[in-house]
Amino acid sequence: MINVLVGKTTMVLPEQSLDKSLEFQIFPWNTAFATGIDVIDTQHQQLVSILNRLARHFVLQSTSVDEIEAIIRELADYTDYHFKCEEQIWHRHFEGHPMLSAHEQVHHDFFDKIASIKNSKGSLEDFAQDLFGFLTRWLAFHILDNDKRMALATLRMDGGEPIDQALQATDQEMTGELAQLINTVLAMYGELSSNTIALMREKLARDSVEKALYDERMRLAEQSLISSEERYSMLFEAIPDGVLVCEIPSGQIVEFNQVMEELSGRSREQLIQMQIFDLHPKEDRDFHIANLAKFNIMACNTIANGRFESLLVRSDEQHIDVEISVRGPFLIGESFCLVGVFRDIREGKRHQQALEYVAYNDELTGLFNRQGIKRYMNEKIGTSPHSKLILHADIDNFTHINQSYGNEFGDRVLKAFAKQVKVGLSGAHQMARLGGDEFLLIVDTSPADDPLSELISDLMNRLQRPVSVDGSVIRISVSAGIKYCTATDWTNAEVLLRQLAHGLYLAKIKGAAQFHLLDQFEENSERTRNELLNRIEQGLDNNEFELFYQPQVDMLNGHVIGAEALIRWRHPQKGLLSPVHFIPATTNHRVSALIDDWVLQQSLQQIALWHHRFPGLKISCNISAMSIQDSNFSNRLGAMLNEYPQVSPSSLEIEILESSAMLDMSTAIANLEQLKSLGVCSAIDDFGTGYSALAYLRRLPLSWLKLDQSFIADMCNNVNDHAVIEAIIAMAEAFDLSMIAEGVETLEQGTVLINMGCQYGQGYAIARPMPALQFEDWLKQWQPPAVWLEAASPA
């Protein structure tokens with residue numbers, strides 16, 4: 001291999017000529033197609049590679065039908081593999097959701113359409129046009145709309161958002177200007193697919209002529225047949241691109257065709273007096289001189305070719321983009337020469353720039369989009385000498401504006417807001433629209449600036465200013481997650497955006513028009529939490545978790561009514577871990593729902609094993625706020641119940657915390673009503689530690705109250721705890737609810753509870769939580785304490 005300096009880069013030239021005649025691609029890959037999920041993006045690029053290879057075989061008309069069909073089969077096989085991999089990911093996040101079934105139907109329809117095109121009658125050209133037209137538009141739409149929509153929602157759920165919130169935010173991001181963006185790209189790719197086959201064949205014809213020219217010149221030179229100029233001249237002028245021959249190392253132009261004259265804007269008399277360097281910008285002269293010198297060193301050894309892009313300076317000083325194909329050196333007379341073919345690529349550059357603009361800019365506001373600002377951040381922040389103040393801003397309750405005035409008016413509000421903020425920023429700054437009503441601001445700071453608190457206060461005040469649209473003044477409030485970042489703090493854009501999103505979430509909790517400034521302790525804590533959450537997911541995949549069961553008994557007669565399923569983690573390095581070591585980290589994160597599903601599946605499996613041996617035994621499962629506030633939770637549980645037809649739904653009980661129900665009372669009530677219709681009963685866990693409001697007891701469709709163990713611990717010595725328990729027992733009776741006491745650790749506590757009218761208990765006085773096999777042994781030998789039976793007996 002030979003290194004040749006071209007432009008401002010070093011080009012590696014092979015010793016043998018390489019056929020690059022088919023570099024056109026029917027489906028050019030662009031970073032706009034990235035979904036953010038690496039395995040899916042890698043497979044999409046492989047599909048695009050197979051599609052482009054199929055197109056090249058159609059262009060080579062010598063390719064047999066069998067070869068083409070083999071590639072089509074390869075495309076179908078890899079697409080099937082990709083669909084299966086993709087659906088595994090979607091099933092983990094969208095199980096039971098209509099969006100998943102619709103997406104799977106799209107996959108099914110793909111193969112039906114391919115079969116339809118393959119079976120249609122017509123010429124090979126008609127078949128190619130139909131096939132590539134469908135594949136390019138389908139693939140572009142499938143990636144840009146279907147997959148990107150599900151990936152955006154998946155990434156939001158990975159960040160802790162519940163499915164409904166994630167889908168709503170994704171819908172906002174995928175409507176309006178993004179929909180226009182998608183249509184623009186689809187139109188470009190549709191036009192590209194319809195023209196590319198013809199362009200590729202034209203390019204193949206051109207390159208064939210070029211090669212014939214090179215071969216002819218070599219033959220003439222080697223055989224000293226320069227007098228046979230007529231045939232060479234015909235080939236020379238037949239090439240539709242500019243062709244130029246220059247001596248090395250001087251660069252003196254010795255020959256060229258008419259197209260070269262037109263492309264350079266110069267007459268024959270002018271070109272023949274010039275050197276090749278004169279056709280390039282002055283700042284590139286040294287590079288081109290070095291290139292020719294390298295070719296001159298090669299003169300006695302080999303012939304090489306290369307292809308690169310450069311700028312051609314016309315006689316009117318206009319700079320135009322050209323692709324230059326270089327071949328040589330050849331001995332012509334007594335001089336070594338190079339042959340260069342100059343192709344005008346301005347149209348292709350404009351097309352590429354249009355695609356790049358669509359990929360990295362927001363069509364509505366003209367700002368960077370998420371991909372654009374990520375590229376900017378990765379390129380600039382880590383090398384900048386200035387510290388940055390970065391704000392992830394969100395307009396509060398923007399949905400209300402859309403609902404009140406319509407989406408088109410809402411788009412105008414966003415456009416006016418972006419313009420107003422950008423104009424009002426002083427100094428070096430950058431701004432992006434991340435999607436929907438979310439924006440990112442990057443402001444340079446320095447030690448000479450005002451204190452950070454004053455700068456933040458000024459920026460937040462600017463963000464709250466009313467926006468004028470169509471003569472109406474729209475008052476808005478904006479919340480923000482904020483981070484102060486130096487070059488030494490920099491990691492990468494994706495990590496920083498996740499941190500800022502967490503900061504925005506914390507700001508939203510405080511109320512409208514609030515901000516949260518992230519500090520290093522929070523970042524470290526969040527990083528540790530994310531590592532633990534990832535490890536929990538791995539543990540679920542690796543079957544590292546186990547359910548322990550703590551008995552629940554009727555203290556009046558000793559009858560075992562059920563057991564509470566309590567999760568444990570058999571960590572490979574840390575041993576057996578109780579929930580206190582990992583469950584708190586899952587709060588308000590999608591991993592909590594994964595744990596819920598795992599616990600429910602394991603519990604149903606255990607009930608199925610026990611339903612003949614221990615009939616009537618009920619298992620209680622603790623469910624997170626993420627699940628009880630998920631409108632699809634009852635569907636998820638219903639699907640699990642269908643897997644175990646031998647299990648009576650009444651054998652399963654769902655326990656929720658008071659605080660979980662109060663987050664969104666209407667959703668919680670709807671879910672519990674649907675569970676009740678399935679035959680599953682529900683209980684409020686740790687009752688008495690939260691709201692304990694009569695209003696929600698009346699509204700929630702509950703069967704049980706679980707008295708929190710904190711009241712039990714000191715009930716024998718504390719008059720107030722004793723009074724609270726009596727009140728809760730009376731409350732349960734008033735609402736016709738059963739009640740069970742948690743944390744019964746002594747026989748005395750159980751006796752007092754029996755005397756107060758509490759029938760059911762759970763705690764160490766009965767048994768500690770234990771694995772399933774040990775629980776079975778315990779059931780066989782359990783005997784209720786005599787003191788409890790005595791307390792339950794009539795006086």
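The side chains of Glu 494 and Lys 374 form a salt bridge, with nitrogen and oxygen 2.7 Å apart. This pair ties together distant parts of the chain: Glu 494 belongs to helix 16 (residues 493-510) and Lys 374 to helix 12, a separation of 120 residues. The structure described here is a predicted model. Within the pair, Glu 494 is partly exposed, at 32% relative accessibility, whereas Lys 374 is buried, at 16%.

The axes of helix 12 and helix 16 lie 9 Å apart and cross at an angle of about 115 degrees. Helix 12 contributes Arg 370, Lys 374, Met 377 and Asn 378 to the contact, and helix 16 contributes Ala 493, Glu 494, Leu 496 and Leu 497. Classified by side chain, the contact of helix 12 with helix 16 comprises four nonpolar residues, one polar residue and three charged residues.

## Other salt bridges

In the whole structure, 31 salt bridges are found. One of them joins Asp 362 to Arg 433, with the closest N and O atoms 3.2 Å apart. Here too the partners come from distant parts of the chain, 71 residues apart: Asp 362 sits in the loop between helix 11 (346-360) and helix 12 (370-380), and Arg 433 sits in strand 9 (residues 429-435). Asp 362 counts as buried because its relative accessibility is 7%, below the 20% limit. Arg 433 is likewise buried, with a relative accessible area of 3%.

A further salt bridge connects the side chains of Arg 156 and Glu 161, at an N to O distance of 3.1 Å. Arg 156 is buried at 15% relative accessible area, and Glu 161 is buried at 18%.

Seven cavities of 30 Å³ or more are present in the structure.

Helix 4 supplies the largest share of the lining of the second largest cavity, with three residues. By class, the lining of this cavity has seven nonpolar residues, one polar residue and no charged residue.

Glu 776 lies in helix 27 (residues 772-781). The residue is buried, with a relative accessibility of 10%. When residues up to four places away in sequence are left aside, Glu 776 touches Gln 606, Trp 610, Arg 613 and Phe 614.

## Backbone features in loops

Most residues other than glycine have a negative phi, and most peptide bonds are trans. Several sites in this model depart from that pattern. The peptide bond between Ile 248 and Pro 249 is cis, with omega at about 5 degrees. Pro 249 is located in the loop between strand 3 (242-247) and strand 4 (253-256).

Asn 397, although not a glycine, has a positive phi of about 55 degrees. The position of Asn 397 is in the loop between strand 8 (387-395) and helix 13 (398-405), and this residue is exposed, with a relative accessible area of 63%. Ala 513 is also not a glycine and has a positive phi, of about 60 degrees. The loop that holds Ala 513 runs between helix 16 and strand 14 (515-517). Ala 513 is partly exposed, at 33% relative accessible area.

Key: Residues are numbered from 1 along each chain as its sequence is written. This is a predicted model: local features need pLDDT of at least 70, side-chain atom pairs count only at pLDDT 80 or more; totals for chains, interfaces and linings use all residues. Side-chain values use heavy atoms; hydrogens and water are left out. A salt bridge is a side-chain nitrogen of Lys or Arg within 4 Å of a carboxyl oxygen of Asp or Glu. Buried means under 20% relative accessible area, exposed over 50%, partly exposed in between (1.4 Å probe, protein chains only). Helices (H or I, at least four residues) and strands (E, at least two) are DSSP runs, numbered from the N terminus. On a 1 Å grid over the protein atoms alone, a cavity is a set of points where a 1.4 Å probe fits but cannot get out, and a pocket is an open set with protein on both sides within 12 Å along at least five of seven lines; lining residues have an atom within 4 Å of a point. Grid points are joined across faces, edges and corners, and a volume is the space filled by probe spheres set on the points. Ala, Val, Leu, Ile, Met, Phe, Trp, Tyr, Cys and Pro count as nonpolar, Asp, Glu, Lys and Arg as charged, and the others, Gly among them, as polar. Axes are lines fitted to C-alpha atoms, for helices over the stretch in contact, and angles run from 0 to 180 degrees between N-to-C directions. Contact means heavy atoms within 4.5 Å.
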